[in-house]
Amino acid sequence: MEYGELMKMAVTARQSAYMPYSHFAVGAALLCSDGSVYTGSNIENAAFTPTVCAERVAFFKAVSEGKRGFAAIAVAGGKEGEAPDALVAPCGVCRQVMMEFAFPKTFDIILAGSSENLQVYKLSEILPLGFGPENLGR
Ligand SMILES: [Zn+2]
């Protein structure tokens with residue numbers, strides 16, 4: 001799948017964001033190794049701690065349905081009611097979740113406000129020296 005198409009899916013997923021507190025809407029589209037795509041949006045909570053990011057929603061949906069191989073994730077975010085910002089990078093917690101399920105040197109993170117002008121990073125670039133399953137012998 002072309003990354004521009006994946007980004008469009010992230011932008012669409014952003015429309016489902018539940019963010020009554022931050023008013024910051026994020027959508028993510030996770031491309032699995034088998035070509036399937038799982039989307040997510042951020043889901044906030046009045047108690048704040050249960051809040052979950054779009055990237056983790058996408059990963060947990062995929063993992064809970066048995067997916068284990070992942071190729072890339074597109075992330076689109078910005079203020080509610082506005083076009084996505086050019087660069088909304090995954091938070092540290094989401095990077096750690098990606099480290100659990102993706103190969104850091106091959107997994108692509110696609111950032112952009114639209115399907116044009118994409119910026120692509122490897123997980124190993126945005127989480128250098130990450131701690132993952134290999135550190136525990138897996
Ligand atoms: Zn996050």
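Guide: Of the 138 residues of the protein chain, 43% count as buried. The model is predicted, so local features need pLDDT of at least 70 and side-chain atom pairs pLDDT 80 or more, while totals for chains, interfaces and linings use all residues. Residues are numbered from 1 along each chain as its sequence is written, and side-chain values use heavy atoms, with hydrogens and water left out.

Visitor: Why is Cys94 called buried?

Guide: Buried means under 20% relative accessible area, exposed means over 50%, and partly exposed lies in between (1.4 Å probe, protein chains only). Cys94 has 1% relative accessibility, so Cys94 counts as buried.

Visitor: Why is Cys91 called partly exposed?

Guide: The relative accessible area of Cys91 is 29%, and therefore Cys91 is partly exposed.

Visitor: What makes Cys53, Cys91 and Cys94 the donor residues of the zinc ion?

Guide: Donors are N, O and S atoms within 2.8 Å of the metal (3.2 Å for Na, K and Ca); water is not among the atoms, so sites may look incomplete. The SG atoms of Cys53, Cys91 and Cys94 coordinate the zinc ion at 2.2 to 2.3 Å. Along the sequence, the spacing of these donor residues is C-x37-C-x2-C.

Visitor: Which residues of helix H3 are buried, and what do they pack against?

Guide: Helices (H or I, at least four residues) and strands (E, at least two) are DSSP runs, numbered from the N terminus. In helix H3, residues 92-101, the buried ones are Cys94, Arg95, Val97, Met98 and Met99. They pack against helix H2 (54-64), strand S3 (70-79), strand S4 (108-111) and helix H4 (123-126).

Visitor: What does Ala54 touch?

Guide: Contact means heavy atoms within 4.5 Å. Leaving out residues up to four places away in sequence, Ala54 touches Val26, Gly27, Ala28, Gly40, Ser41 and Asn42. Ala54 lies in helix H2, and its relative accessible area is 0%, so Ala54 is buried. Ala54 and Gly40 are 14 residues apart in sequence, yet their C-alpha atoms are 4.6 Å apart in space.

Visitor: How do you know that the radius of gyration agrees with a compact globule?

Guide: The radius of gyration is taken over C-alpha atoms, and the globule rule is 2.2 Å times the number of residues to the power 0.38. For 138 residues a compact globule would have a radius near 14 Å; the protein chain has 14 Å, so the two agree.
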